2 protein chains.
Amino acid sequence: MAERIYISDAGDHVGQEVSVQGWLYNKRSAGKLWFLLVRDGTGIIQSVVFKGNVNEALFQECEGITQESSVVVTGTVSEDKRSVGGFELQVSDLQVQQLAEEYPITPKEHGTTFLMDHRHLWLRSVKQNAILRIRHEIIRACRDFFDGRGFTLIDAPVFTPNACEGTTTLFETEYFGSKAYLTQSGQLYMESGAMAFGKVYCFGPTFRAEKSKTRRHLTEFWMIEPEVAYMDLDGDMDLAEDFVSHVVQTVLKNKQAELKAIERDTTALERVVKPFPRISYDEAVAILKKNNVEFEDGNDFGGTDETVISEAFDRPVMVHRYPAQIKAFYMKQDPEDESKALCVDVLAPEGYGEIIGGGQREDDLAVLQRKIKEHELPEEAFQWYLDLRRYGTVPHAGFGMGIERVVSWICGLSHLREAIPFPRLMHRLSP
Amino acid sequence: MAERIYISDAGDHVGQEVSVQGWLYNKRSAGKLWFLLVRDGTGIIQSVVFKGNVNEALFQECEGITQESSVVVTGTVSEDKRSVGGFELQVSDLQVQQLAEEYPITPKEHGTTFLMDHRHLWLRSVKQNAILRIRHEIIRACRDFFDGRGFTLIDAPVFTPNACEGTTTLFETEYFGSKAYLTQSGQLYMESGAMAFGKVYCFGPTFRAEKSKTRRHLTEFWMIEPEVAYMDLDGDMDLAEDFVSHVVQTVLKNKQAELKAIERDTTALERVVKPFPRISYDEAVAILKKNNVEFEDGNDFGGTDETVISEAFDRPVMVHRYPAQIKAFYMKQDPEDESKALCVDVLAPEGYGEIIGGGQREDDLAVLQRKIKEHELPEEAFQWYLDLRRYGTVPHAGFGMGIERVVSWICGLSHLREAIPFPRLMHRLSP
């Protein structure tokens with residue numbers, strides 16, 4: 001029996017008879033030939049059935065094989081530069097595992113709702129396959145980056161006991177007679193981890209019950225959050241630019257075929273190398289004014305503002321020192337201007353907006369207690385967090401990066417829903 | 001200024017003056033010497049303050065430095081085999097960042113509830129630090145194993161629309177006017193992924209609202225679930241034994257210091273190499289009878305049963321072909337004995353019980369529809385899943401492995417709660 005191979009390994013088997021186990025992606029005939037495009041999840045290979053090479057019944061059978069039928073194809077691998085993937089199979093045998101019913105997703109155009117309803121099948125298409133392979137590479141590059149620098153993975157919990165910053169965007173669940181809330185960020189836990197392990201990160205799903213239908217929001221999304229003890233805002237920005245450029249350059253290096261499959265122009269991505277420009281919030285506001293954007297000083301930036309700011313640069317831009325009053329209570333104030341927070345947002349180019357938010361954390365117990373009061377938060381719920389300032393507090397900083405936003409940017413997608421295998425949106429909970 | 005190093009890198013700086021940023025773990029004095037044990041999360045280094053080397057005020061200050069105070073220590077690295085970590089620091093300067101308040105966790109014994117209430121600080125202890133570093137290594141080994149074999153990571157959703165198999169152990173949340181349930185397994189989604197990518201895995205938190213207070217249950221735990229198209233039960237067992245032995249051997253190779261820190265006798269772990277014994281459910285029952293265990297044939301095994309079965313072997317044992325009636329509807333029946341399912345559980349040695357559950361999935365549309373009816377499940381909710389049998393169905397198999405059970409086993413822990421950074425149990429939702 002011929003050796004079973006994956007299509008991605010075809011190049012190692014030129015001249016050998018092998019067997020490929022997959023599904024019919026497409027087919028066409030030309031006289032005494034059938035060209036069957038067979039996919040197995042790792043690639044697509046053109047399988048050539050020549051009437052003279054196979055028995056009559058098998059040749060006839062090709063006529064009836066429907067799209068997405070499961071097939072085991074045996075044949076000899078040959079190189080063919082014109083073929084998809086660069087190799088062909090000269091078929092000697094073919095077995096149909098199952099003739100598929102009429103497949104709902106055809107080469108013609110389908111509406112988004114229809115495709116989302118069929119997400120479990122839509123994943124089989126070349127484009128969705130390539131996007132999710134790139135997603136995998138991005139995730140791997142993220143983990144390798146921190147693992148390679150001696151960070152310890154400290155998974156943050158999903159269930160949290162308190163609705164610390166208001167319940168409007170929190171998912172809530174009954175928890176054995178009390179209430180639990182689904183995490184929006186692992187940061188506070190990572191601060192605890194940084195004091196124990198020096199350098200930590202978490203990487204898991206986070207949740208936001210936002211009544212938003214924009215292309216930039218999912219209710220369930222993955223976030224990676226590093227946190228480092230004895231690191232200040234400058235160190236945080238060094239880390240962020242090293243990290244983002246590592247991820248982008250790794251994808252460019254390892255996923256050329258996939259980027260080509262989704263027709264991504266990678267010119268702008270190739271420029272994503274450090275140093276990234278670092279500008280203050282005030283400088284960013286000046287860019288808006290110069291471009292005649294209506295903007296009230298002191299506010300947070302909206303999507304359009306971010307696009308205008310990022311268009312002034314040829315790579316991601318780091319905007320630091322936003323007004324303290326629009327930032328979370330745990331942000332450290334700038335000692336040189338207490339109205340500003342020692343925070344940073346990284347804005348992606350090409351209109352993709354914020355991909356990273358982070359900064360230096362308030363490490364003074366008294367200041368943090370005062371800010372918890374000012375923000376009218378329940379101090380009791382933060383006692384464990386305040387402990388980190390009681391027992392050997394140190395300067396520390398970190399950030400969070402939303403994976404789907406980065407996938408969306410690197411793949412050039414117009415909507416986050418294609419950046420995750422099974423997207424969850426306000427009106428989308430299935431399949 | 002001296003170069004800032006992490007303690008784990010001390011060996012690269014022998015003879016050099018460096019600076020270490022960390023916390024005071026412990027100290028003792030002897031005449032003109034203070035021995036300060038300083039930890040920075042990557043290790044502990046004995047820092048020797050000799051009265052003749054530093055100014056008088058600094059030497060005096062050592063007296064007052066409390067446990068877990070944050071300190072920056074400057075000094076020259078020297079090799080000292082008797083010292084923890086193998087290196088010492090001959091201190092020339094020392095700065096106290098913050099004098100810690102009286103630290104609640106002291107070298108004396110503490111009760112479990114107290115330690116769990118202080119989990120955010122308990123992480124700093126040598127043992128908890130080592131366990132979570134081993135956890136990180138296990139997770140990395142899991143991902144590397146599948147990445148290295150061409151699997152694609154397909155993250156399964158946490159929010160699922162249906163309470164397919166009863167709601168008693170499901171966490172439920174309001175989802176914009178309807179109900180969503182937190183995932184208990186990504187398997188059905190992985191089956192969809194396997195048909196699209198050939199070989200896939202997911203790795204994320206899963207949830208079980210079990211009213212159980214045993215040491216083997218968490219409400220929130222991490223699970224890795226591979227799924228492969230065109231793979232049968234034998235292939236599944238091959239994959240499981242390759243996987244488990246890879247993970248164990250990788251930890252043994254890379255985490256000797258941590259295993260030593262938790263005083264783990266690794267003799268039994270060293271035997272975890274393939275092939276693992278493969279026995280049928282019936283053979284496992286025979287082992288129970290032989291050991292005079294009271295057991296009703298046809299039932300599932302309990303914890304004690306699993307221990308007795310696993311004690312008959314010197315490494316993990318794979319028990320296959322359980323009675324179909326005690327297994328889930330999606331398990332494929334054994335064509336040679338329809339009362340049995342083509343499933344497998346992997347039982348860890350040393351009484352740690354089931355770490356893997358998996359098997360071959362039912363791939364026939366009509367049989368699956370019949371079983372959904374027999375199990376009185378709502379067929380409508382499974383239409384998308386049934387689509388996988390309509391459009392090119394193929395034999396396929398996979399399994400799920402709970403990470404905390406593996407961490408617990410490899411570290412020799414008596415309770416799962418120490419196998420995850422912030423455990424969530426029936427009566428434990430904080431910090």
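## Salt bridges in the model

Over all chains the count comes to 58 salt bridges, a salt bridge being a side-chain nitrogen of Lys or Arg within 4 Å of a carboxyl oxygen of Asp or Glu. This is a predicted model, in which local features need pLDDT of at least 70 and side-chain atom pairs count only at pLDDT 80 or more, while totals for chains, interfaces and linings use all residues. Residues are numbered from 1 along each chain as its sequence is written, chains are lettered from A and ligands numbered from 1 in the order in which they are written, and side-chain values use heavy atoms, with hydrogens and water left out.

One of these salt bridges joins Arg278(A) to Glu241(A), at 3.2 Å from N to O. This pair links distant parts of the chain, 37 residues apart, with Arg278(A) in strand β13 (residues 278-280) of chain A and Glu241(A) in helix α6 (residues 233-254) of chain A; helices (H or I, at least four residues) and strands (E, at least two) are DSSP runs, numbered from the N terminus.

## The interface of the two chains

Chain A and chain B each bring 98 residues to the contact, where contact means heavy atoms within 4.5 Å. Between them the chains bury about 7800 Å², of which 61% is on carbon and sulfur atoms; buried area is the accessible area (1.4 Å probe) that two parts lose on being put together, summed over both. Of the area that chain B buries against chain A, 11% is supplied by Phe176(B), Tyr230(B) and Tyr391(B), more than by any other three residues.

Four salt bridges are found across the interface of chain B and chain A. Arg135(A) forms a salt bridge with Asp155(B), and their closest N and O atoms are 2.6 Å apart. Helix α4 (residues 126-148) of chain B gives the largest share, 10 residues, of the side of chain B that touches chain A.

## Confidence

Chain A has a mean pLDDT of 96, and 99% of its residues reach 70 or more, pLDDT being the predictor's confidence in each residue, from 0 to 100. For the complex, the predictor gives an ipTM of 0.97 and a pTM of 0.97.
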